[in-house]
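Biologist: Can you walk me through some side-chain contacts in this one? I'd like to start with charges and then move to the rings.

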Amino acid sequence: MVRCWKRSENRLEEEECTDGGPEESPLFHFPHKAFWVSLSACLLLAILALGLTGHFGRSQPHSQPLQTVRFTVSDQTGALINQSAVVDQQNDLVTFSVTSSMNQTSTVLFDIKHSLICYKPVSQESCFLRKMEESDYKNVNSVLHESARKSQFQLSGNETQRQMEFLGVLAASQVNVSSLEEPLQALCQDRSVHWTRRTEGPGKQRLVYFCIDICFPSNICVSVCFYYLPE
């Protein structure tokens, strides 16, 4: 658009004049300032979106693969005991599968996060719980640490330290399985669950019903023996 001036009496007046071409349509008049503002806003939103995506991607923990550790050790009679442990570093879980000389496999789960040990003997219809103690943390931590270096252990029968623990089963203290954490629920979903407590031994009037032998890379084997306490 061209602006022209004309003299009208004692003042100048502005008026629109054309150069003979068609008048510019307001539909084709593009606001350049609004365009650059919109473009800048879009770029800023894109940068923020990429930044947030990268942040959440980095903040999500990478799942660590499960590790399986195998042990071979002879029991006190000289028979070989085959044992394996599945190590879940991310969830602080160590699950032992202990196969006896009679080819029967019992399961022992160390739930370090919740300070619990759960025993699932193959010969029983129940699971047994107890709280972890200082010695339990030391033993299971040897599995966590050594599993990062090797996956096969051959324990020497002559050098192995053998220990025995007695757990009294509190028959009246049955646990609701649904109240347990998910790993324990999955292990004992088809069984009753009872609390146990560590004792000095069953005494002459009580019989030991069964034992589970668990070995650790620290060259320690523990025989955990169970008996029922009076109600």
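Predicted model: local features only at pLDDT ≥ 70, side-chain atom pairs only at ≥ 80, totals over all residues.

Biologist: Fine. How many salt bridges does a search of the whole structure find?

Modeller: The search finds five salt bridges.

Biologist: Which residue does Arg198 form a salt bridge with, at 2.7 Å?

Modeller: That is Glu133, where 2.7 Å is the distance between the closest N and O atoms. Arg198 lies in strand β11 (residues 192-199) and Glu133 in the loop between β8 and α2, so the pair ties together parts that are 65 residues apart in sequence.

Biologist: And Glu133, is it buried or partly exposed?

Modeller: Partly exposed, at 32% relative accessibility.

Biologist: Where does Arg130 come in?

Modeller: Arg130 forms a salt bridge with Glu165, and their closest N and O atoms are 3.2 Å apart. Arg130 sits in strand β8 (residues 126-131) and Glu165 in strand β10 (residues 161-175), so parts that are 35 residues apart in sequence are tied together.

Biologist: What about the relative accessible area of Arg130 and of Glu165?

Modeller: Arg130 is buried at 3%, and Glu165 is buried at 5%.

Biologist: Which residues are linked in a network of salt bridges?

Modeller: Arg130, Glu133, Asp136, Glu165 and Arg198.

Biologist: Change of topic. Where is Gln83, and is it buried or exposed?

Modeller: Gln83 is in strand β4 (residues 80-88). It counts as buried, at 4% relative accessibility.

Biologist: What lies 2.6 Å from a polar atom of its side chain?

Modeller: The backbone oxygen of Cys215.

Biologist: And which residues does Gln83 touch, leaving out those up to four places away in sequence?

Modeller: Val69, Arg70, Phe71, Phe96, Ser97, Val98, Asp213, Ile214 and Cys215.

Biologist: On to the rings. How many aromatic pairs are there?

Modeller: The count comes to nine. One of them is Phe110 with Phe216, an edge-to-face pair with 6.2 Å centre to centre and 85° between the planes. Phe110 lies in strand β6 (residues 105-111) and Phe216 in strand β12 (residues 210-216), so the pair ties together parts 106 residues apart in sequence.

Biologist: What is the relative accessibility of those two?

Modeller: Phe110 counts as buried at 2%, and Phe216 counts as buried at 2%.

Biologist: Now Phe128 and Phe210. What are the distance and the angle?

Modeller: The ring centres are 5.8 Å apart and the planes are at 40°, so the pair is tilted. It links distant parts of the chain, with Phe128 in strand β8 and Phe210 in strand β12, 82 residues apart.

Biologist: Are Phe128 and Phe210 buried or exposed?

Modeller: Phe128 is buried, with a relative accessible area of 0%. Phe210 counts as buried at 9% relative accessibility.

Biologist: Last one: which residues do ring pairs link into a cluster?

Modeller: Tyr119, Phe128, Phe210 and Phe226.

Key: Residues numbered from 1 in each chain as written. Heavy atoms only, no water. Salt bridge = Lys/Arg side-chain N within 4 Å of Asp/Glu carboxyl O. Helix = DSSP H or I, 4+ residues; strand = E, 2+ residues; numbered from the N terminus. Buried < 20%, exposed > 50% of the residue type's maximum accessible area, 1.4 Å probe, protein only. Polar contact = N/O pair within 3.5 Å; in protein donor to acceptor, adjacent residues only side chain to side chain. Contact = heavy atoms within 4.5 Å. Phe/Tyr/Trp six-rings, centres within 6.5 Å; stacked < 30°, edge-to-face > 60°.
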